[in-house]
Amino acid sequence: MADINRRDFLKVLGISGTASACSIDPVTPIEQVLPYVVTPDQIVPGIATWFATQCTACSEGCGVLAKNREGRVVMLERNPEHPTNKGSLCAMGIADLQATYSPDRFEGPMIAGRRATWDQGMEATIAAVKAAKANGKRVAWLGKHRTGATAALANDVMGALGGETIRWEPLGKQALRKATKAVFGIDGIPTYTLDQAETVLSFGADFLSTWGTPEHNRHYGLGRDPDHCGFIAQFWSVEPRLSNTSVNVDIHLSAAPGTEAGVALALAKLVAEKRAYSGPASALLQGIDAEALVAASGVRMERIVELADRMASHVSVVMPGGTTTVNEVDVAIATLVLNEVAGNVGETVTFGQDSNLAGLHDYEDVAAVLADAENIGVLFLDELDIAYTTPGTAANDALLAVGQLIAFQNEPSESLTDTAIVLPPGTTLETWGDNEAVHGRHTLQQPAMTSLHDTRCTGDVLLELAKGLGIELPAVTASVRAEGDGEAIDGGPAEAVEPAPTPDSFLAYLAEWWKANVFAKTDETDFDAFWRTSVQTGGHFFSRLGKGADFGLEALPSAGAAQEGLTLGLFPHHMTFDGRHANRPWAHEVPEPVTGYVWGTWAEISPKMEADLGLEEDDTITLTTSAGSVEVAYFASPGIRDDMVAVVMGNGHDGGGRYADLTGANPVQLLTGMKYAGDTVTVAKASKTTTISSRLGNLTQDNRPINYIVKAKDIGSGKGPGGIVNLHHPPIDERLTQAGLLDMYPEPEHPTYRFAMAVDLNSCTGCAACQVACYSENNIAVVGPEQNRRGRNMGWLRLSRYWEGSGEEPDVRWQPVMCQHCSHAPCEGVCPVLATYHNLDGLNAMIYNRCVGTRYCANNCPYSARRFNYHTYDWPEPFLMMLNPEVNNRTMGVMEKCTFCIQRIREAKSDYRDHGQLVPDEALTKLLPCASACGSDSITFGNLKDPDSQVSEKFQSERAYAMLSELNTKPGVRYLARISHSEKDYGHGGGH
Amino acid sequence: MEYPSNNAEAMVDTELSYRQVTTDVLEPLFKFSKAYWAGLTLVLLGLAYGGFCIIQQLVWGLGVAGYSQPVFWGLYITTFVFWVGIGHAGTLISAVLFLFRSKWRTGVYRAAEAMTIFAVMTAALFPALHVGRMWNAYWLFPYPNQRQLWQNFKSPLMWDVFAVSTYFTVSTIFFYIGLIPDFAAIRDRTRGAISKVYAGLAIGWRGTDRQWRHYMAAYGFFAAFATPLVLSVHSVVSWDFAMAQTAGWHSTLFPPYFVAGAIFSGCAMVITLLMPLSVIFKWDKYINEWHFEHLAKMCLLTGAILTYAYVMEHFIAWYSDNPYEWGIFKYRAVGDYWWVFWIMVVCNCVIPLVWWWKKARTNYWCLWIVSIFINIGMWFERFNIIASSLAHQFDPAAWTYYLPNYIEIGVLIFSFAWFFLWFLLFVKVMPSVAIAEVKELLPPPLRTDAKEAAK
Amino acid sequence: MSNVKAIFSHLDSLIDAIDELKSSGHTDFAVTAPLPRHEIEELIYEGQPSPVRWFTLTGALFGGIMGFALCSITHLNWPMIIPAGKPLVSIPAFIVITFESTVLWGCMFTLAGLLYHCRLPAKDMDPELEDPRLSDDVFGMVVRNLDSERAAEMKSILDGHGAIETSITGVRLA
């Protein structure tokens, strides 16, 4: 017990407990158990219980651990056991905790806007369906992408009702799916493995932020880590703008919108020649005129040649286009062709362990249903805000036209009509469920807490509906086979399990389904044991081997051509995504990394356009297309072309909840069709001043020696710490140091621990997960748009962004800045009332109760890491239940800052003190929420007194430097400088 | 035997008799004109509005003010330093010039001292007003408490607490001691209740040889204590900034620079206040251009020091090649706060130069208007130092821009109203000119002269 | 016994009167003036300095020690690692407070000394001296404890020195 990690222990403790509590018994499902009537024995007050469950923030199906304190989930963290996101949990996933505690949730079924009981709700539903059947109307299902048992059940019920099940994701990867079908004849999308690639080439996919899983970030981090595989991956991008992902590029080739496919094909041609490629694609590439295509794109040919050389000689991976890519399918095909000729297929681009897109439809199918609204008697809307996410009024009209709208959703949305029946299904944390988002990865979702409201999970509703309508559901196994699910690569095909009668609770159904579809594929014998283990680990994951595929493309796609006029492209918000998370305060309060914007919608325009329009900082602009016009704030991005305007999606709701409705505009209303890029737009200066605000003060670091760059060629020159980064400015005279005159006083003693953190800026992708995790762990106040305008954002962890370069070398540098826990802290000396001091563990402690709020400490903090409570910012119910009981809430007039999560440190220390040990390194490295959330493992925490700890090693890295070290504050944080492949002489960003 | 009069230069009318002096000085007491009431009403209105703002801040928190992170100090500290600075001229004139035996001090020092005390009383409001938890502001004072908690005496803010409170106590004692003989004079000139009050204030002063003997000795010691205090207080205030390593604050230049600035603004304020006094009360016999000229010269000297400091700051910042330091000073001159910087330069370095001409130096209107410009300039100097340095700290990613909002302006108005409330009361209940000391300037009445006159 | 009160309007005549008194060896008298005139002090006290200065010195020393003790003892009382590794008792940081406290207590003690030596606050010292003119423009003198004939003699002396008004006030017990 002593040698296993505390978390693992608690996890096992908690989950085995839960598992026993959730023994499959249809009579008393867990949902009905109220905590503390009979205290569940696995809940020890003051000790967290961890439940393994799934994340449903998007459809990637990551696994999470839900931290339950006294019956309330207070934090979501990665599930290290889960193959999809062992690295981390993304910002969106962490923030999804707020879905459960949203103050706008329906407290029970609603009929035509009035609160109803479940009996009434079900009666109305059944009646509606019966009526529809009676007068020969259709029944249809529009919903978000679902896999696993719920999907199967819905399919069965809808099948029995003779209605179709349309699942659609506004940001689904249908384009890539089409391309894969065309190129390799496979229904699915490839898996991209970045960590083996020395060259990563992106055509616009936002794969480090909103496209795919955090696994990409982990791979990116590994690929950039010189110690991992001996090389430092180069990151190239070919696209008209820089996404949240591609601001990390080494080289950015700014291709005119519409010409990306051409560039890809040109590259394919060159690479094929250089590699003497003679595969199936070679014939197709004969007719390609590389020069012409490149010329058309406005990219320099030399660069393309250079890139082709690299790809020919190094392992590479080519990522497809993204939402801002015009004719996405063509680009996707072209990138796959490029991957083929570059020899990546089967290496870095593999199939077999790919996303399960079964049942995911195109928008055309959705449009068909909407068009046929008159003939639809009952429309089931499954957690899909169809009205908000689709352009024009088609959706709204349809929703009004259908006989009866039955919505499974927990919060209000634009899609709800006055007559709708709302059957709140409860959130992920409250209900049973599962997914198979990736073939062979079955993730189980177990209730991590009792439902806050009178909810019933969709599965139960469907079963009840079936019963009410007297539908005879097909046997579980059969129903799933009918879904055409991919067969298991391992374990052989499922042996037939004798059909069981349809159970009447979804939990039972789920178990049955698992028995038939997962258990059957394993060589396990005892299902109960299997089920228990699955619940504990968060699912059952078949290990599949990625394999290649045979190239079968008949004809090359059109190379495309540069668009006329100004091209519009929409991109997902890094947290509100397609708008589904717009009612999560954290999604707005945590600054968007690239722009620093909070609370609103903005458009990316080029600095030239800004100048032409004569825009001032607070101006807004009006974007107009043939479809409509919106008024938004703007960000003059050095990374976007003059002939492109990109607008962020996901804000500007109307009826989506109190936070969603607060700010912004919905750019989807600009679209002429369900295509996020390609429309022609006009931009004009608007009258009103923006309500949005940026938390980032300056675009660059103003030639200050703050964020350093080291050249790839200097790596390993063995000069030791600071050897290759200029540590001091102005340089400190060595003689001073030798004479011991640098310090007036010795560094304070740290007997056992000196807690410290190392942040690798080379692998940091600016995904903001650390910030959200910090908000969640430390109950950081959400101050709202107005206070943010006045510069009162309370985030303890600032993600500084310095845009040092331009053109082909954007050189955007990240720097997560939190309290540096200096040994010679400037803040401590100046506090008149000793409210902040240095403790024996090297932490810079903050005594809230003693603080009178002179704010001198904050003035004297060179890192601007301190935050002040200008008001008492309180939380609406039931957010209060979400707050971490380990961290006390600060009130008006008190200073606060990053504490290195002292509550977690204390917990760990006392756990190990019980066994008379010091906290071991492995228990520390990812102890802090920011570290554990970090997708690319950039943040390492640990004890400096332990010379073998990871953090000690990183402190000794040749890239390590202390921020503002010339001030000699002896910080407890070291940054590992970003590695640049550029030949430019950066120093620390020009200047000195 | 020789009976010298201190009146070396003829700055007061030597024909004056002792009685005349007493009469003149006590003349304006307890006489309230319409104008006076008008002024008082204005002051009370200011207090009302300011109080309204302060209450909002107390209830809703400091957030109602315009602070924008990381600018954690703004108008309040600016105004605090401004008033502390004003508070310097008084004691300088009454103590330092006393030790230097400079004659022109006598006429003006009483009012100047009053100004000092009221200015410090005003300044003292701000540390309390600007802290996040006003209701805990008393935690800044070291007193034995059941919490067993003591302050951090290494913090410049604690030094500040000690410096300002000491300065206030000492100046008040000094002020009161000076007033005792004059209180006695009022006691003897009035009747009834008022007389009783002043009898109390005069604590039985009779001007006997024994009293005068110890009085003169003690007065000397007070002056001797007050002199280093004048220099120390603003040095300590400057350390509030210089001890921080914020670029633009962290400078050894600060103490002399702040002290010079304080005397500069203080003397200007003395001119601003005393000129109306001597005109309205027809006191040109006691306070006249001769005094104001000296004050103006004082301003010229300290103003020159200040200008030198401004230039030096920028030069050193550039010469040091420290990107943060130089960044700040560039920012001040041409950044968002350029207007603050140039108001400061014009008001403090350019406009006062007219005083190099004796005509300007002795012309009441010119003196008065320029003195007001100096006050404005000195307020903006402090704002320039505080706001700009904090708005552009080390990390550009955290930069911001701060402007005071109506609440802070309200508190600023409150501070002026508060100050003038006390000053208005002062001129009506206390002699604004030191009676006994002015008498010292007159030739003593001698029998011999009388005989000669009789011949 | 009785006292003689005299009012002088001229400084020189007052001085002469004091001279005569001193030479006559009678030192039990008080002189008042509406303003400090050093001639008077010189004459009466032959320039010995006022003892108030001892109060000042004591006060200053006391204050200095107090100030430094306050800082050091409170910091030692609860040892915390604060400001940038400075030692608990760091002299440079405590100098300011030591100085301020020196000045503060110095002034306090001086004030005490002044009041003590001036016998202030006083209700009434000599009824003779309760005369509104004395704080205005004349010098006063009262010679105390004279027997009746000495008093008459004294009155004539003072008249002789040009007192504008002299009077013998009634017997004063003790």
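Modeller: A term to begin with: a salt bridge is a side-chain nitrogen of Lys or Arg within 4 Å of a carboxyl oxygen of Asp or Glu. Also, this is a predicted model, where local features need pLDDT of at least 70, side-chain atom pairs count only at pLDDT 80 or more, and totals for chains, interfaces and linings use all residues. Residues are numbered from 1 along each chain as its sequence is written, chains are lettered from A and ligands numbered from 1 in the order in which they are written, and side-chain values use heavy atoms, with hydrogens and water left out.

Colleague: Thanks! How many salt bridges are there between chain B and chain A?
Modeller: The count there is 1. R798(A) pairs with D395(B), and their closest N and O atoms are 2.6 Å apart.

Colleague: And how many residues are in contact between chain B and chain A?
Modeller: Chain B brings 56 residues and chain A brings 59, where contact means heavy atoms within 4.5 Å. The buried area between chain B and chain A is about 4400 Å², with carbon and sulfur atoms giving 52% of that. Buried area here is the accessible area (1.4 Å probe) that two parts lose on being put together, summed over both.

Colleague: Which three residues supply more than any other three of the area that chain B buries against chain A?
Modeller: Those are Q69(B), F72(B) and Y324(B), which supply 16% of it.

Colleague: How many residue pairs are in polar contact between chain B and chain A?
Modeller: The count is 40 residue pairs, both at pLDDT 80 or more. A polar contact is a pair of N or O atoms within 3.5 Å; within protein, one must be able to donate a hydrogen and the other to accept it, and residues adjacent in sequence count only if both atoms are side-chain atoms.

Colleague: How many salt bridges does the rule find across the interface of chain B and chain C?
Modeller: It finds 3. In a salt bridge between D137(C) and R19(B), the N to O distance is 3.3 Å. Between chain B and chain C there are also 25 residue pairs in polar contact, both at pLDDT 80 or more.

Colleague: What is D643(A) in contact with, leaving aside its neighbours within four places in sequence?
Modeller: Its contacts are A256(A), P257(A), G565(A), L566(A) and T567(A). D643(A) and A256(A) are 387 residues apart along the chain, yet their C-alpha atoms are separated by 7.6 Å. The side chains of D643(A) and R641(A) are joined by a polar contact of 3.0 Å.
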